Amino acid sequence: MNSRRKQRIDALAASSGTTTVAEAGHIKDTGGVGLVASAWRRLRRNPIFLLGLAITIVFIVLAVIAPWIAPHDPADNPLIDKVSPQSNPIPGPEPGYPLGADSSGRDFLSRLIVGSRQTLIVGVAATIGGLGGGLVLGTLSGAFGGAVDAVIMRVVDVMLSIPSLLLAFSIAAIAARPSQWTVIIAIAVVQVPIFARLLRGSMLAQRSKDHVLAARALGVRRSAIVLRHMLPNSLGPVIVQTTLVLATAIIDAAALSYLGLGLPDDRVPEWGQMLGTSETYFQDHPHLAVYPALCIIVVALGFTLMGESLREALDPKSRR
């Protein structure tokens with residue numbers, strides 16, 4: 001009976017010019033695509049992500065090779081003879097010094113280039129510190145729950161209730177002597193609750209997953225379940241957040257340096273520090289503040305564009 005029915009269907013299909021039942025029953029095997037590969041396919045066609053990636057790569061490369069491409073030593077003051085506090089406090093552009101010099105006769109372009117390295121060091125070190133602390137607290141909170149989760153989350157809530165810049169300023173001001181490390185520690189502490197809460201939420205979602213329940217049913221130890229099953233599958237949102245936090249860390253570092261809580265030695269340039277020293281001459285020489293401010297804005301924009309694009313590509317709810 002089935003063969004007769006198949007013959008009649010094939011005859012009707014042949015008369016209409018379509019494929020037979022046997023041919024229609026075969027599906028072309030195209031293979032599966034992983035989450036990372038699928039996200040990369042969308043990202044490489046996303047102009048916003050490519051713009052952010054380009055800005056980020058240029059900034060990192062510039063920071064790495066800055067001492068070798070700077071026209072002059074940023075600590076030397078070859079134009080000090082042309083500095084006059086009354087008539088010419090800021091030497092203007094001249095051959096070999098396209099952006100002029102600062103109030104100490106140091107090449108402004110060289111300081112701007114070398115300052116990118118200090119900005120990158122502070123931003124990356126603070127982000128790594130905040131990420132490390134957030135991973136510890138978030139893992140403990142999401143893995144144990146109960147009283148451990150309650151205590152950690154209440155501390156995190158208190159820290160999040162304080163404006164981030166105000167908290168970082170308070171932590172940096174406690175130090176006896178301002179330094180680059182006080183800025184890094186202050187910003188890292190501010191970023192810890194962000195990573196902790198994000199990781200805790202991801203790990204709580206993993207606790208009810210089938211692979212975690214199966215591991216528990218098989219008698220796998222809790223530490224192995226947390227480190228091998230829950231934590232690796234919870235890091236996706238945290239990695240995306242890291243790129244966004246880098247932008248915030250660079251802005252906060254510039255703000256603390258502007259307020260005088262950064263490295264006190266102005267022979268080592270940093271963009272926020274350069275902004276702070278330009279305040280006195282801003283009315284007559286605004287370029288001293290405009291160039292460092294533009295550098296900070298562009299770099300923060302690059303990390304933000306890249307992070308938002310990553311979040312959109314990895315989030316199934318926001319895929320286009």
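Leaving aside its neighbours within four places in sequence, Asp102 is in contact with Val83, Pro89, Ile90, Pro91 and Arg111. These contacts, like everything else described here, are taken from a predicted model.

**Surroundings of Asp102**
- Asp102 is placed in the loop that lies between α4 (47-69) and α5 (108-144).
- With a relative accessibility of 9%, Asp102 counts as buried, because the cut-off for that class is under 20% relative accessible area.
- The side chain of Asp102 also reaches the backbone nitrogen of Arg106, at 2.8 Å.

**Nonpolar surface patch**
- Ile57, Ile60, Val61, Val64, Ile65, Trp68 and Ile69 together make a nonpolar surface patch of about 650 Å².
- One of these patch residues, Ile60, is found in helix α4, and its relative accessible area of 36% makes Ile60 partly exposed.

**Annotated transmembrane regions**
- According to the unreviewed UniProt entry, the feature "transmembrane region" is placed at residues 48-70, 120-143, 155-175, 181-199, 238-261 and 288-310.
- Among them, the span of residues 181-199 is 100% helix and 0% strand in the model, and its end C-alpha atoms lie 26 Å apart.
- For residues 288-310, which the UniProt record also lists under this feature, the end C-alpha atoms lie 35 Å apart, and the span is 100% helix and 0% strand.

Conventions
Residues numbered from 1 in each chain as written. Predicted model: local features only at pLDDT ≥ 70, side-chain atom pairs only at ≥ 80, totals over all residues. Heavy atoms only, no water. Helix = DSSP H or I, 4+ residues; strand = E, 2+ residues; numbered from the N terminus. Buried < 20%, exposed > 50% of the residue type's maximum accessible area, 1.4 Å probe, protein only. Polar contact = N/O pair within 3.5 Å; in protein donor to acceptor, adjacent residues only side chain to side chain. Contact = heavy atoms within 4.5 Å. UniProt positions renumbered as here; feature names shortened; annotations may be inferred. Patch = residues over 30% accessible without salt bridge, like charges linked within 9 Å, V, L, I, M, F, W, Y side chains within 5 Å. Areas by Shrake-Rupley, 256 points an atom, 1.4 Å probe, with all protein chains shown as cover. Salt bridge = Lys/Arg side-chain N within 4 Å of Asp/Glu carboxyl O.
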